[in-house]
Structure formats: structure tokens, C-alpha cells
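Hi,

Here is the structure I promised to pass on. Have a look at it first, and my notes follow below.

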Amino acid sequence: MIRIGDAPAVRRVLIGTALVLTALFLLLPLVAIFAQALMSGLDVYWQNLSDQYTLAAIGLTLLVTLATVPINLVFGVFLAWLVTRFDFPGRRLLQTLIDIPFAVSPVVAGLVYLLLYGRNGWLGGWLDAHDIQIMFAWPGIVLATIFVTCPFVARELIPLMQAQGAREEEAAVTLGASGWTIFRRVTLPKIRHALFYGVILTNARAVGEFGAVSVVAGAIRGETNTLPLQVEQLYQDYNTVGAFTSASLLALLALLALLTLAAKAALEWRAARRENAS
Amino acid sequence: QDERELLNSSYDIARELFAAINPKFIDWWQQQHDETVSVKQSHGGSSTQARSIMQGLRADVVTFNQVTDVNVLADAGLVAKDWQQQYPNHASPYYSTTAFLVRKGNPKHIENWDDLARDDVSLVFPNPKTSGNGRYTYLAAWAYADREFDGDKSKIEDYMKTFLGNVEVFDTGGRGATTTFVERGIGDVLITFESEVNNIRNEYGKDDYEVVVPPVSILAEFPVAVVDEYAERNGNEDLAKGYLDYLYTPEAQRLLADFNYRVNDESVAAEFSDRFPKTELLRVEDVFGSWPDAMETHFASGGELDQLQRR
Amino acid sequence: MSIRIANIAKTYGRPGRGRTRALEPIDLDIHDGELIGLLGPSGSGKTTLLRIVAGLEQADSGTIHFAERDVTNVHVRDRRIGFVFQHYALFRHMSVYDNVAFGLNALPRRERPSSAEIRSRVMQLLEMVRLQAFAERFPAQLSGGQQQRVALARALALKPDVLLLDEPFGALDAKVRQELRRWLRHLHEELHFTSLFVTHDQEEALELSDRVVVMSDGRIEQVDTPDALYRQPANRFVFEFLGDVNRLEGDVRDETLTCGEARLAVPGMPDGRHELLLRPHEIHLSERDDARAHLPVSVSAVVPVGAEVRLELEADWLGEPWLASVGHETFERLDAKRGKRLFAHPVRLHRFDAERPQTLSPVCAS
Amino acid sequence: MSIRIANIAKTYGRPGRGRTRALEPIDLDIHDGELIGLLGPSGSGKTTLLRIVAGLEQADSGTIHFAERDVTNVHVRDRRIGFVFQHYALFRHMSVYDNVAFGLNALPRRERPSSAEIRSRVMQLLEMVRLQAFAERFPAQLSGGQQQRVALARALALKPDVLLLDEPFGALDAKVRQELRRWLRHLHEELHFTSLFVTHDQEEALELSDRVVVMSDGRIEQVDTPDALYRQPANRFVFEFLGDVNRLEGDVRDETLTCGEARLAVPGMPDGRHELLLRPHEIHLSERDDARAHLPVSVSAVVPVGAEVRLELEADWLGEPWLASVGHETFERLDAKRGKRLFAHPVRLHRFDAERPQTLSPVCAS
Amino acid sequence: MIANAFAIGRQRRVLPGFGLSLGISLTFVSLILLLPLTSLVGQLSQLSWSQYWFLINDPRLLASYAVTLLGAGVAALFNAAFGLLMAWVLVRYDFPGKRLVDALMDLPFALPTAVAGVTLATLYSNNGWVGRLLEPLGISVAYTWVGIALAMAFTSIPFVVRTVQPVLEDLPAEVDEAAVTLGARDGHAFRRVILPHLWPALVTGTGLAFVRSLGEFGAVIFIAGGKPYETEITSLMIFVKLQEYDYAGASAVASIVLATSLILLLAINLWQGRFIKRLHGGRP
Ligand SMILES: Nc1ncnc2c1ncn2[C@@H]1O[C@H](COP(=O)(O)OP(=O)(O)OP(=O)(O)O)[C@@H](O)[C@H]1O
Ligand SMILES: Nc1ncnc2c1ncn2[C@@H]1O[C@H](COP(=O)(O)OP(=O)(O)OP(=O)(O)O)[C@@H](O)[C@H]1O
Ligand SMILES: [Mg+2]
Ligand SMILES: [Mg+2]
């Protein structure tokens, strides 16, 4: 098959350039992080990892991610369904609104939450009076993280669902299926890769978010320190090795995407075998 | 019954310091009151910390590196107005000053503030706009110039302009500036708290750098206060007060000195006298009237600093 | 189940911008058990009408009755229809079996048959569409015709009263198409549901339907049996759409039409300029002209197609060439190779410029 | 430009897993200026062959010559071919004008005509495909037939010696299709390039091609003129693929074939079990049997389609129903409504179980 | 808009879930996205117009706009090129380690921005692993606007790659082939045929990268240098205002960035709608 850019020379140059740039901009930072983390040897690395406060930060980070990802998953799916399956006035505006988190500087994102739920905020007085702690506790961190990561799932799904159209869903309706059945049995299998991808990105961002979280977390060691905050604090405190140890952990979490991607590839391969075996 | 928890909100580079102090305090409290308590730490830029507290971070005590940030809390009614009178030495259990870190052998022969305004010297210190550390540096330089030029404003400003113009990189915080100076190899002089030198040496080795303490510099106080409102709510008033009292005990003072902070306890100071060169330290209040005045005149938007950096 | 469509109209788009009138108000009665073909060019509103009957689209006005029941505001789910989509819309990630079983599995628990019953029902359906052996395959592993049959079986699983099909054979090749058509006809007779199918292929509509609904531009042009449609087209559009058409335009005076050197007796036709239409097989060719017709033509192309031979005829007096179809014997008898000069004798002529369509037979079909 | 395809073979997939033999070694000679149709069922390798000729696909073995030039290893770009894709593959983001001008604009600067020349050439092409008025439209704003013509104009812009078309009319409706076919034929005669087109529609292949290449399973079954193909199919596959087929299977003894109660004289046929095939129009129907043929049938369906009426015939002795096509007159004369009992008289019978195909004429076509 | 949408929602719709998904989406958007932003508006409302005008017109701030826009612009352009290249290479070619490269694309999202900043500064300062090689060439990255652009580019790498990738995967082979049979060289075919198909995705991705870069803070400050008028970014100015407890001022500056971003995004969305409409012949 003849395709553009298939000439071996072009191919080699492009792949070469891509690999060099990837190495420079992505691989090298990764290596640098691990290099600094392992600077004082594996023992120290391990010791840093098993530090009580690092473990607490890992726990909190996982908690935040576990709370954030499902919420954004549900929201993203509903929004994508709404935007791609129905026509209504204001659709495009809605689509733009979900990009707000990209447009807001993370620090400002944290700030607006602080101004809303903080002691002097609109809702803060009431919350304070009822002794409900949102800011400087995990709910605030979760809220800020939800804000920062909410576009990813919808962004992944919308183009795909638009391209796929609603025909199979309509077929399912004519066969009497309920909304949930349609989604579970017809739509979900078609979008699962994109969904998966959205979840990976959401997860990556939720795990790594610093700016917004730092504003609302209060940075209490062992309590409201997420892993990125922990990294920052260790770094500020001249514990470079400790900081990069935690950072390397975050990088590993990102590279979990690698594993999941491999899983995705396997899934695809199986599906492709099924669907095209003829 | 759960044990009581005290939350100490502090500046960002004090994590190790308080990690060392807290267990000792817990023992001390245990001995005195037969009660087991625990202490939680929160660290960040002290303005950020103050802001968090105002917005509801329920810290019982603050141990900051900036008088102004405690003042903000006092203005907000969270801290007693007369907090500086509640503990000795303006409620500052330890202090430090601004010093110079130069490269091994002091190749540029930096001895005093006037050397920093030389053409061939480049400086690194954090941004006075974002960092208390940077603010002290600025004030120290100004105080020096004020004395040197006998209050001649135009000469002071000329000096300050050159001084600021020599800055190679403005990081947002002390740690960033240190990294820039040490790891990136930028600048001839890093201006920072004398106390940080300890950290730097620990991290990067003792031999590659030298400390120069100028004959005259600014007194950097590390104010502490009880956040009355929250301490009350948390039922920690006695504990909070006890925590701050503890910082003035010889035991704590020794620890602080060991972390390279200067202390007022005379016996401890004597013990560590070889570590801390004698130098004349000026109080901000003496040179600039008061902290609020200094802030207003120099650091507010459109203030002296902005004017000096204008081009 | 009979279907009554009354005054159904549909406009797409929001007021203000780019509105498309897809259906003018339409009335149509479909009898119980009929197999109706919706025929029309692209964009004539066939799919729209079908989808409105299905309940997949909301009409702007009008009502739909299934027998005596007003279903205008009944949700698709509850209309008991089966719908076969143009490109099948099979669930790609499900096996053939699961596709067919989908509707049964989607029933509320109370109504759902036991899984053994579902199994036997699905297998019975697959047997009916002759795909028992393919139950475990995925749609992509089937040929187009097989996919189409799965789509049918899926639509029939819930025993619908009404079966709606959108271009059911659009993407298949002629042979498979032919086979499926026959098969659908049998199925229809056997299960006795009411069917409505969309097509833009005249032959398909004529061959398959009890009655054909010819549509254009959102309007119904004619509803009739295939035979009546072909013999008595209601208007020129229907006539032209139903097959190849040759055109003859000329001035009539004294019951004779003249067009260049061509001459044709047109008994009973008023004087003036007229346009007459005739179909390829309505042209009789011979080596002689006669008193009634002098239409000299020369053969410009010869295309033998199956049982007949298609001839392209040119003449100075003709704007665009004519197409004639003749049997092999006639072809051989006339030795009608390229360049051969012959005379055309219209067997039948159609006229649509009068108040009502008119058919003339100037020549005895001898 | 003549094309010589020698020993071209192609297998898809890597050794080891799921290899598909798409083309057995194939030889084919195409004369200068010919219009050749590649006909075959889905998956028979038509597209593969076309793409290999174009240079879009690399053959595993064999050579391709354009006239005397060996182009086997010449890049598509340099073969001077025009290619029309099945779904047109128009550049959707370009106007019709830009689509057609694309090839000209892509020429290296030295060879590129001035922009005024390009303009006039493009407008000339658009005029040729009768789309001058649509130059500024985008493909999505055109009907299928119009898009197809743009695709043709685009392929012709560089004055190719060879025009290759993959199912050029596959997605169009019958009327548009018919019109485009005629138009392509004219264009071909006018510009005199060599054309090779793929189709799975027998009628299209027969109507359009100078010669038809019938393919199945990666092999060439027959290459012949439409007429010869229809009259002398090389084998059963070709015969069956070229139209509807009725089957008659029975035991022959003493030159008489018996099948249940049916009886047919088959002069010259050896004894034994035989299968005979005949086309719908090769069945003559009458109300009487005669000495040579006793084939009683009953009409099970009547489908009038245009000039002819198709009858489905059933009988106990028949496995699957027969299809007969008769003229309207015959139909009326016989009064052949459903249930009517008639006798079939084969006009011609085809036999493929002998060494070479054989055609019998048991009845005089009276 | 909301009232309108509900009015339409009353019509019967074939696919289920309009009400539910509209409800959830609007609730979510209101509570999570819009409600917090009202506090920004609340802060702004404490300012008079002239104060607001004065605030956002501060020359130092204007200089920071310039630096930020330059950095974000360069970062976005770099990402447009790099993202396009990566998407192309990942979709069109097979090579060993492809999966790893693919996974690496998401790294910037997972790293806390500060770690990214420190690491980049480590690598690209004049004594860093890479900076050392660049210095002899007279290229300084760290503490110049190049560093700012670099940090911004790094943190927004996934946007372009991940938006272009699916579109490129979707592009039928016939598009390539049609161009080649018409004699187009690779470059010409890419520019005139493939690129236009990728435009919407590429512009969206680049737009998102740009917008994200405008707001980036953590990664940039470690490599920016922070010199007044030279390497101060707008986010830093917001940060400074916050340090001064000047929420209104911070909100004012933030509102500028936010408005710029939203207008850009809306413009892209609208443009895309038009573009896609054209490809679909007037139908949405
Ligand atoms: N969703 C829609 N939005 C806007 N206009 C539409 C929509 N669907 C159809 N139309 C328009 O309504 C008219 C009728 O369309 P419809 O799909 O019913 O035609 P059709 O007869 O099925 O044509 P085809 O044979 O091409 O499928 C056309 O002009 C079409 O452009
Ligand atoms: N890229 C490919 N990879 C693997 N197998 C292929 C590929 N393209 C075609 N084939 C296989 O090669 C055989 C011939 O395919 P080809 O597309 O040439 O058939 P065709 O005659 O054009 O059929 P159709 O009428 O369906 O287009 C088929 O079995 C097909 O599955
Ligand atoms: Mg339709
Ligand atoms: Mg093909």
C-alpha cells in the first residue's frame, strides 16, 4: 500500500527526529528524576519511600484520585452523551464551558474555591458555623482536583461519539432497550477505548496536580499533603533526594499508563481479531 | 479519649527544625502535665500560610519568618493585637540575619554590602515580592546604604538600583535561589539567611562555599504567636501557649542554635559564639519606622521597589 | 396491523437558519399485511417518513395510527415495530446470536422469556434467515447479505406488527440482492406483518411491493400497484423516474408532428408545440418507414445485455440520442450494427403537457 | 496505451498468520483504447488487480507493461494513470475547482502550466463533466452523481494514458448510474484513453465494456466481449454470475430427461444424472405440453417489471422455484395469474458437467 | 440558555437520557465550574472600573503579558509541530519502543509542575546535561524566555498529540492514494491534503496548549529567572498579588487571562463548527 511519507528515507528521518525530541523532552527528564532519586543509593530511596509522611501522602493521593476519577467519569460520559446525541440551543457554549479548567491558572483555580468555601467565603461562614471543614481537608482537595481534571473524559469522548453517530443506539431503542441497557450494552463497548484514555489522562492529572491543591490543602504534614505537595515540601527543605523519590513515584504512576496502554492494545488486538477475522 | 493535637503552621524551610523540636516538646509536656499530645506541622510560604489560616486552616500556633504575616492575622482578629508583647524579644524566640554565601576562596573578595554593587559581581537572592527572605535582603541593603550615605535618598537609590541590577535570577523563594546559585552555578553571591547556610552545607557539602557575614546587617526575627481563636475552638489554649513557652527553654534554644539560628538565651549563645560572628544587627522598626511602614513604602504595588526596578 | 398516516409534515432545522422542508403534509393508508415500497430520488423524504412512522423522528404535525391506536405520541420502544437500518446498524461488538437476542434480553424481567426460551427463539430466527451456523460470528465476519439477514432477524425477534426497512438492499450486489428480495417476500407472506421499505431503485420497488409510494420533494406523487404505476403514471415525474425515457419534441399541425425531417402521425392531438415521451421498449425498429411514421435514425452504439440488446439511436432531428431495446432475434434480423440506418416506429407515446396524462398508440404493435 | 499484465500474483498478510491469496498468477492483455470491465463477486480480487495496475499495491511477482515500458517498479506518481476511487475520495476541504486543479498544481514548477492555463484547463474539464456552475461548491454540497463526475474530471486533469476506476457507480441510484455510464462511454470514445473499471454488477459490465474480465477467487474465469460472454460462457461460474439461472436436474435415458413427473427430450445427451441450467427468458410458457417437453408448473408469484413480467414458477418436481420472464402480451394471453397451471418449454439449455460447456436447443423458438 | 434548553427538552426525544444528562451536566457545570468563578466576579466587583483599568495596565504587568504571550505562543507553536510529528509517527509508523514513546506523551500531566520545572532547569541550565551542550552554541535556555517557553511546552505536550492522533487514525488511506495518483509529491500532498484534514484537531490542540501555557505557574517559575520586565510571567504577578493579600488585584489579572483564554476557545469552537459544517455540506 502506498501512503504518504512511506519512503524509507522520510520515514527514517521522521522517526529519528521524533525519537530524539522525545528523548530530549520526555525521556531525559524522566531519567533525571530517577537519577536524583537514586543519587544516594537504593537504601535511601527505599527509606524515603517508607517515610511515614510519604506513605500518608501516597494514601491521600490515592484517595483523591479514587474520588475524582469516578465523578469525572460519570460527568464526562453524561456530558458527552448530551452534547453528541441531542441538539439544543447553547450546545456549543456548554462545550466551551467545560474547557474552563484549561483556561484557569491552577493557582487561581484553588483561589476561587478558597474564596467560595473559605472562612470568609460566600459559603464559608455557614460551613464554619456548622463546623464543616471543606477547605484544608480532603474534600477541598478533591473538589479542586475535580475542577482541574473534569474536561478530560468529555474531551476524549465527544469527537469519537460524534463520529460514530447514534445509529446503533437508535437500533437498540427500536428493540425496546432502556437507557441504561443501551448505554451498557451498545454505547459503552464502542467507546471503551476513548473512555479508558480519558480515565488515564484524568488519573495522571489528578495524581500530579499541584497548583490548585496547594492553595486549598493547608499542607498539614501527614494529613492534607498530597504527593505533589510532599515533593514540594521536601524540596523546599533541602531534601532533594526525598523530593525526587516522591517525584519518581509520580512518574511511575504516570507510566502506569504504559501498562494500561499495553492492556488497551491487547484489548484492541482481541477485538480486532474478533471483528475482522474474516 | 483521643490525645490532643496541636497544629503548628510554619514557614517552608523549617520542616526539619520542627521535626526535631516537636518530639522534645512532647516529652517536655508529658513530664510537666502528664499528658500525651501530638504536634502536627504545616509548612509553606508564610504569606500562604497566613492566608490559609485566615480562610480557615485551624492552626493553633504560628511560627513564621515574617512579622508582617503575623500582623495580618492580628488585623483579622485571629491573633491578639499585642502579640509581640506576649513573649520575650518581640515574640521572637530566635533570630537570624542576612548573610552572603560566596564560592570557595571568595574569588570576588566580597566583604560588605558595597561589594555587591560592583560591576563585576552578580547576585542571586529571592524575589522580595514573593519571599520574606528576599525582603530582608532588600531591607538590609537599604539599611546599609542608609547608614553609608547618611540618609541621602538619591544616593541610596542609586546604590539600590545597581544592587538590584546585579541580580542575575529572581527566584520565588529561598530554596529556588539556593538551587540557582549552587546547582546552576549562577552568580557570585547568594544572599540569604545565615541560618540557611547550615542547610546548604548539609546538602551540598561544606567545602565548596564560604559564608561572609557583613559587619552590618538586618535583624531577621522569627515571630511566634498563638492563634487565639482556633486554639480556643480546638481546646488547645494551654497547649499552644506551652509550645511557644517551650521554644524559649534552654533545651529548645540549644536545638535552634544547632540549626544555625541565633538565640537570646545567654548561656546557649555563649556556647555557640564561635558559630555566629559578631555583627551589628539593625531592627526594621528602628530603620524603617515599623513593618507596616516598610511594607507600604517599599514593597506595595508602585512602592520603592517597583520604582527602583522600573526602566 | 394497518397504518394510517394523516397530515404528517416535517421541517428540519431551527427557525431562522437553514430550514429544510423534508415532508409536506402527507396522507397515506397502509392495509394490514401489505408490503409497501417507498420510492423516490435522494432527498425526497423517504427516510424521514419511515423514521416518523417508527417514532424515531417527531413530526411537526399530523397523526399516525396503528390499526385503531393513535401512536403519534407513543415512544418508539412501545410501538412494537421492527426497524432495519440502511447500513444495518448491527452491534459490532456482539456476536450474531447476541445481536438477535438483544431485544429479548432487553425486556423487563417480568416479560422476559427464560434464557432457554430465548435461546430457542433466537435459533429459530437464525434458522429462518439461514444463519444457524453463524451464530457465534461477529458482524464484521459476515458478508453484506448475511449482515442484512441478521438485521432482519434482529428486527423480527420481538414479533413486531410493523416492519420498517430503510434501503434494506442498498449496499449489496445484484445477485445477493435478488436472492434477498425473494426471501423477504416469502417471509412477509409467511409471518404476515405489515411492511414499509425505502428504496431508490425502481426495479426493486416494482418487484417487491404490493403497492409503491412514489415520492419527490417531500410529496407523494402516486400510490399504486407496480403494474398500475407502470401503465398509468400519474405525472411526468413518475413516468421519468420509473425507467429510461426518450423524448420527442416537435410541432403538431393537422394531427402530424414534425421535427426536422422527422414526421409522425399523432391522431387526435391539438396543434402546437408538444413534447412526447416513450420508453426504450416502446420503440419498434424496421428497415422501412411508412405513412404514419417517418423517423430515420442511425445506430450509434450496440450493447447486448442479457435477453435484450440496447441500441443507441442518433439522428439530426434528435437533441439527445434515443435508447431502444430489442430482442436478440429482432437485432439479428435487422443486422443493427453501428452506423446502420433504420426507422423508428413508436408503439406507444406518452404525453404529460395536457391536463391529464395521456397515452397514444400511433402504430399498431404488429 | 496498451497494458500487459503478466504473471501478477498477490498474497496479503505476513507469512505465518492469516495470509489471503488475493490473486493467483494472472495474465491479461489490454489493447490501446479499450474499455475493460473487471467483473466478479466480492473478494474476487478485482480491486487488488486494479490497484496493482495503478501501482498503489505491490505485486508479489509478475510484471506490468504500459505499451513497451515496464512499469512494474515505477512509482504511482510516475505511471501517468488516473484513478477514480470507489467512494470518490474527493478532498472534502477543497472546492470542486481545487479538487480538479490539484494534480496540475502538484506538478513540479518547471512543468506546471501558468495559473491562467490551469484555470482554463480546469474550467474546460468541468464543462466536459457539465459542472461549470459548481466550481465553487464543496464536495459535500453535491449529489453522488455530481461527486462522481468531479472525481472523473480530477482523474482526467493530467491527461492520463490509462484510466482506472474502482466501482465507479457503486453508490449511485439506478437513474444517475445509467446516465453516467453512457456519459463515460462517450468520454472514453472522445478522449481515447485505455480504461479498466471494476464492478460487481453484471449489467454494468456488459453494458459498458468492450471486453469483460470475469474474476472469481483471484483467478480470471473468462475474458470476452459482452456478447460472447453471454452466449458462450466459459464455465458454470460465469454463466451463473451473469444473470438469473434456473436449474433442472434429472436422469437421462434414451435422450429423455426425467425428473419426477417432468419429462424433457434432450437429443444427443448421454445417459446418466445431469444438471441443466437455463435463464428466465429462455423459458417459453404455454397452456399445453407437447411430445418434447412435459414440464407442468404453477405460477406462484407475478412481478411486472417494466417491459416484462417476471413469473415465479413452482412444481413438485422442482427443488427451488423457477423464474421466467415474459412480455406483457404473452402474460395477458396466458392470463398467468397466481395459481395458474402452465407448461414450460425450454428454448435453450446449458450444460456444464461435460468437458466443455454445451448449449442445447430442444425446442424450436417458435 | 437554560430555560430554552428545558423548553426543548419537553419535546419527546428518541434516545433516552436527555433530561438526566442535561440535568447532571448543568448541575456539574454550575456547581464545579461556574459557582467558584462567581467568587472571582465577587472580588472584581469590589473594584471600580478605573481601579480595574489601572490595575491591569501596570507597565510591569503589561511586560509580563508580553513575556507570557510570547512564551505561550512559542510553546504552542512548538507543540503544534512536535505534536503533529509525534502523532504522525505514532500513527503511521511501526518501530521498536513505540508503545513506550506513546506512554511517555502523558508524562507531563502526571508530574507535579514544580518537579517538571526543577527537572527542566536541571537539564537545561548552562551546567545541565543538555544546557552544557547548548551553551557553546550561544543558546541559553534557563532563565531566559526560551526557558519559559520550554517549561510551558513541556507541560502542555499531551494536548496536541492526543487531539491529532485519533483524527489521523481515522483518515482513510484513499486520501493519501488519491493525492499520489494525481502525481503529488509527499510534501505537497501533506500540505494540501492531509494537513487540512487535521486542521480542526491541530488548532484545538494548539489552542488548548496555548491556553494552558498562559496559566502555567509551577513549572515556569523554576526556569524563568523572574527578572522584572524580562522574564516575569503573568501567573507570577497573580501570585505576587496573592502574597500581598490583594485578592481583588489577583482576580483582576486572572480575569484578563481567563477572558483571553475563553474567547480563544470559543472562537476555536465556533470556527470548527463552521469548518465541519462545510465538510458535511451544511448539516451539523
Ligand atoms: N437531520 C437532518 N437535518 C436537516 N435536514 C435533514 C436531516 N435529515 C434529512 N434532512 C433533509 O430532509 C430532506 C429529506 O431527507 P431524507 O433523508 O428523508 O431523504 P431520502 O429520501 O431518504 O434520501 P436518500 O435516498 O438520499 O436517503 C433532505 O433534503 C435532507 O437534506
Ligand atoms: N489490505 C488487505 N489485507 C488483507 N487482505 C486483503 C486486503 N485487501 C484485500 N484483501 C483480501 O484479498 C481478497 C481480494 O480482495 P479485493 O479487495 O481485491 O476484492 P474485490 O474483488 O475488490 O471485492 P469487493 O467487490 O468486495 O470490493 C479478499 O479476500 C480480501 O479479503
Ligand atoms: Mg434515506
Ligand atoms: Mg473492491
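How many residues of domain 1 of chain A are in contact with domain 2 of chain A? Five residues of domain 1 touch 10 residues of domain 2 in chain A, contact meaning heavy atoms within 4.5 Å.

Before the rest, a word on conventions: this is a predicted model, where local features need pLDDT of at least 70 and side-chain atom pairs count only at pLDDT 80 or more, while totals for chains, interfaces and linings use all residues. Residues are numbered from 1 along each chain as its sequence is written, chains are lettered from A and ligands numbered from 1 in the order in which they are written, and side-chain values use heavy atoms, with hydrogens and water left out.

Back to chain A: domain 1 covers 1–37 and domain 2 covers 40–277, with bounds from an automatic or database domain assignment. Their C-alpha centres lie 28 Å apart.

Leaving out residues up to four places away in sequence, Phe25(B) touches Val37(B), Val39(B), Leu239(B), Gly242(B), Tyr243(B) and Tyr246(B).

Lastly, helix α12 (residues 250–258) of chain B, a DSSP run of H or I with at least four residues, numbered from the N terminus, has buried residues including Leu255(B) and Leu256(B). After α12(B) comes Asn260(B), with a positive phi near 75°.

Best wishes

Notes. Buried < 20%, exposed > 50% of the residue type's maximum accessible area, 1.4 Å probe, protein only. Helix = DSSP H or I, 4+ residues; strand = E, 2+ residues; numbered from the N terminus.
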